[in-house]
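This report covers two ligand sites and two individual residues. The sequence and structure come first.

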Amino acid sequence: MVKEVPDAAVEKRIDPSTGRMDRSGEKNLNPFDTHAIEAAMQIKEGGAVPVEEVVAVTMGPDSAVRALHKAVSLGADRSVHLSDESLAGSDVAATGYALAKTLERESPDLVLLGQQSDDGECYTIGAVVAEHLKMPSLTQVIQIDVDDGKLRCERQAEYGYDTVAVELPAVISVGDAINEPRYPSLKAIMGAKKKPLDALGASDAGIDAARVGADGSMVACGDFTDPPQKEAGQIIEDEDTAETVEKVVAWLEERKLI
Amino acid sequence: MSDILVYVLHYEGELNKNSLGAVSEGARLAAELGGEAHAIVVGDGDDLTEDLAATLGNYGATKVFRAQAPEGLAQPVIDAMAKVMQDNGHTYALFGGGLLGFEVGAGLAARLGAGVTMEVTEVSVEDGKLVAARPILQDSKISKSHYKDKGVIIGRLNAFETKESGGGPATVEDVEVELSEQATKATMVQRGEQRGEEIDIEGADILVAGGRGLGKAEGFELCEQLAQAMGGAVAATRAVVDAGWYPYSTQIGQTGKTVAPKLYLAAGISGAIQHKVGMQNSENIVAINKDSNAPIFEFSDLGIVGDLNKILPKLTEAVKAKKGG
Ligand SMILES: Cc1cc2nc3c(=O)[nH]c(=O)nc-3n(C[C@H](O)[C@H](O)[C@H](O)COP(=O)(O)OP(=O)(O)OC[C@H]3O[C@@H](n4cnc5c(N)ncnc54)[C@H](O)[C@@H]3O)c2cc1C
Ligand SMILES: Nc1ncnc2c1ncn2[C@@H]1O[C@H](COP(=O)(O)O)[C@@H](O)[C@H]1O
């Protein structure tokens with residue numbers, strides 16, 4: 001699963017008229033999702049289990065096609081784009097439900113996703129999708145080994161590193177430490193638009209319209225307020241390092257830290 | 001009347017501190033709602049004794065459900081909580097900060113058809129219902145969640161204060177859970193492995209913390225030299241711990257330690273929320289980062305925009321000179 005997110009360099013804001021995140025402006029494939037694609041490619045190329053195909057799936061507006069093009073340029077064989085007016089304003093649970101319905105059509109053996117989307121800060125879609133698909137699930141995984149048709153996954157949790165054996169089919173979200181994503185070749189970038197892309201509406205995916213969108217969501221978010229502002233800190237632009245260091249030392253001394 | 005069910009994580013016979021905070025918070029909210037706060041513990045070890053579970057009464061739980069199921073994985077807990085909530089009619093589920101809570105909470109919301117909010121920093125009661133506030137957009141705005149029916153609230157690390165209510169031991173009720181098929185398909189092979197040596201960062205007054213900006217494991221030498229000159233310890237972000245550059249015991253943040261030293265100096269750290277929650281109460285925060293847009297500058301007292309490779313060695317020298325002279 002891949003998602004289009006605002007480019008990290010673009011300031012994120014809420015559209016005051018709709019109360020939703022303004023998702024216009026420069027966008028890109030969520031950086032964490034490139035690790036998910038790479039993990040899929042490594043399993044496919046590793047040969048420990050036969051992999052028929054790698055499919056990139058996204059839910060999002062028309063522009064999200066670009067995230068799919070990026071995903072196939074990184075190696076996915078084809079892509080699926082779920083897009084429908086009725087999905088706008090879906091909360092996490094509704095988004096996870098809609099994605100699960102879309103994934104169901106593909107009967108995947110493994111669903112990989114990123115550990116977090118750059119804009120949503122919720123890292124929970126995987127758990128929702130797994131619940132609907134009735135598959136075992138683990139998030140934040142930084143190492144996957146395929147062993148006898150099962151996955152052996154490692155991740156850091158509250159008390160240190162856990163190793164968990166997971167049977168397939170499964171839903172796994174991956175952290176950025178899992179691999180170093182490859183760069184797409186120029187040829188792959190040029191060829192991306194030629195790879196098959198399935199465009200689906202909500203009804204094509206068998207999504208119950210009553211369970212998605214702002215109306216179908218079980219939580220309503222709003223009343224946006226500003227957090228109490230911490231007084232802005234002092235900023236030093238390092239031009240002459242000797243001078244910078246002098247200032248830093250003076251600052252520390254003033255506070256009796258040295 | 002609405003009751004709240006609070007998930008309490010435990011490990012090797014000890015209850016998780018953030019979970020205790022969630023029980024205290026649940027008790028406070030339940031009192032306002034005119035309901036009760038109950039807790040649930042799930043595990044399969046001998047350490048999950050009735051006495052341990054009953055101590056949750058001291059934080060305001062009036063009843064504790066105890067379920068025998070595999071530990072450290074989310075789906076068995078989802079099965080247990082869904083059953084307890086359905087059988088007893090709880091309206092809300094509450095979690096302290098941590099990783100498992102996110103997985104359990106989200107899956108539980110999907111199972112129950114509930115609304116879910118994560119990274120919650122404040123919960124209030126409005127018109128007899130819970131309303132959860134969470135910071136969004138790198139903490140630049142606060143959004144409020146209103147639930148249409150059932151609600152699952154997952155707190156941010158350290159968001160809820162632990163308070164002893166003087167309630168005394170709670171009644172413990174054992175519940176039988178039938179595991180869902182998916183819950184039987186994942187098994188813990190090894191839990192809580194400590195990677196790298198044990199280093200105490202919680203006791204240090206001065207912490208020099210390094211992140212991915214150090215470029216490689218050896219980059220930590222720059223932090224170590226400065227820490228030594230200042231008389232402090234070295235800490236790290238998850239990115240570098242996962243990469244194997246530095247020991248897990250030095251990690252600050254959501255799945256690491258929470259610290260509040262007199263001085264926290266970050267080098268090559270972006271300032272992700274999951275790191276921030278573990279150090280934001282430091283008395284003085286200094287950050288060195290070459291990107292002037294790095295989020296860490298939003299909560300630093302002193303920000304230095306520049307290359308740590310140039311600044312750290314000179315700073316170490318200058319500190320040594322001051323101390324020596
Ligand atoms: C559920 C969950 C739990 C998590 N728990 C934790 C946790 O407990 N602790 C934690 O830390 N993270 C945690 N994370 C990860 C967190 O989201 C970030 O990914 C992580 O903190 C980033 O680490 P970093 O700042 O070292 O790396 P990056 O975000 O990659 O930042 C590196 C920074 O270094 C700067 N830089 C690069 N080169 C230089 C140079 N030469 N000079 C100066 N600056 C330079 C860059 O500008 C950049 O800002 C968690 C994430 C999730 C989803
Ligand atoms: N609209 C979406 N379409 C496809 N995948 C998504 C979508 N939203 C989230 N994801 C996936 O879920 C991961 C975690 O996102 P989140 O739970 O929003 O932090 C992302 O890295 C994506 O892989």
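## Ligand 2

Ligand 2 is surrounded by 17 residues, and A:Met1, A:Val2, A:Asp33, A:Met59 and A:Ser117 are the closest; a residue counts as near if one of its heavy atoms lies within 4 Å of the molecule. The model is predicted, so local features need pLDDT of at least 70 and side-chain atom pairs count only at pLDDT 80 or more, whereas totals for chains, interfaces and linings use all residues. Residues are numbered from 1 along each chain as its sequence is written, chains are lettered from A and ligands numbered from 1 in the order in which they are written, and side-chain values use heavy atoms, with hydrogens and water left out.

Polar contacts are pairs of N or O atoms within 3.5 Å. The side chain of A:Ser117 has an N or O atom 2.7 Å from an oxygen atom of ligand 2. Polar backbone atoms also take part: that of A:Val2 is 3.2 Å from a nitrogen atom of the ligand, and that of A:Ile125 is 3.2 Å from an oxygen atom. On its own, ligand 2 exposes 480 Å², of which the protein buries 97% (Shrake-Rupley method, 1.4 Å probe). Strands β3 (55–59) and β5 (110–114) of chain A each give two or more residues to the shell, and β3(A) gives the most, with three. Strands here are DSSP runs of E with at least two residues, and helices are runs of H or I with at least four.

## Ligand 1

Chains A and B both supply residues around ligand 1, so the site is shared between chains.

An N or O atom in the side chain of B:Thr237 is 2.7 Å from an oxygen atom of ligand 1. Backbone N or O atoms make two further approaches: B:Gln254 at 2.9 Å from a ligand oxygen, and B:Leu308 at 3.0 Å from a ligand nitrogen. The protein covers 89% of the 990 Å² of accessible area that ligand 1 has on its own.

## Two residues

A:Thr241 is in helix α7 (residues 241–254) of chain A. This residue is buried, at 7% relative accessible area (buried is under 20%, exposed over 50%, partly exposed in between; 1.4 Å probe, protein chains only). Beyond four places in sequence, A:Thr241 is in contact (heavy atoms within 4.5 Å) with B:Lys310, B:Ile311 and B:Lys314.

B:Lys323, in helix α8 (residues 308–324) of chain B, is partly exposed at 46%. Residues up to four places away aside, B:Lys323 touches A:Ile258, B:Ala229, B:Met230 and B:Gly231.

Technical notes:
A polar contact is a pair of N or O atoms within 3.5 Å; within protein, one must be able to donate a hydrogen and the other to accept it, and residues adjacent in sequence count only if both atoms are side-chain atoms.
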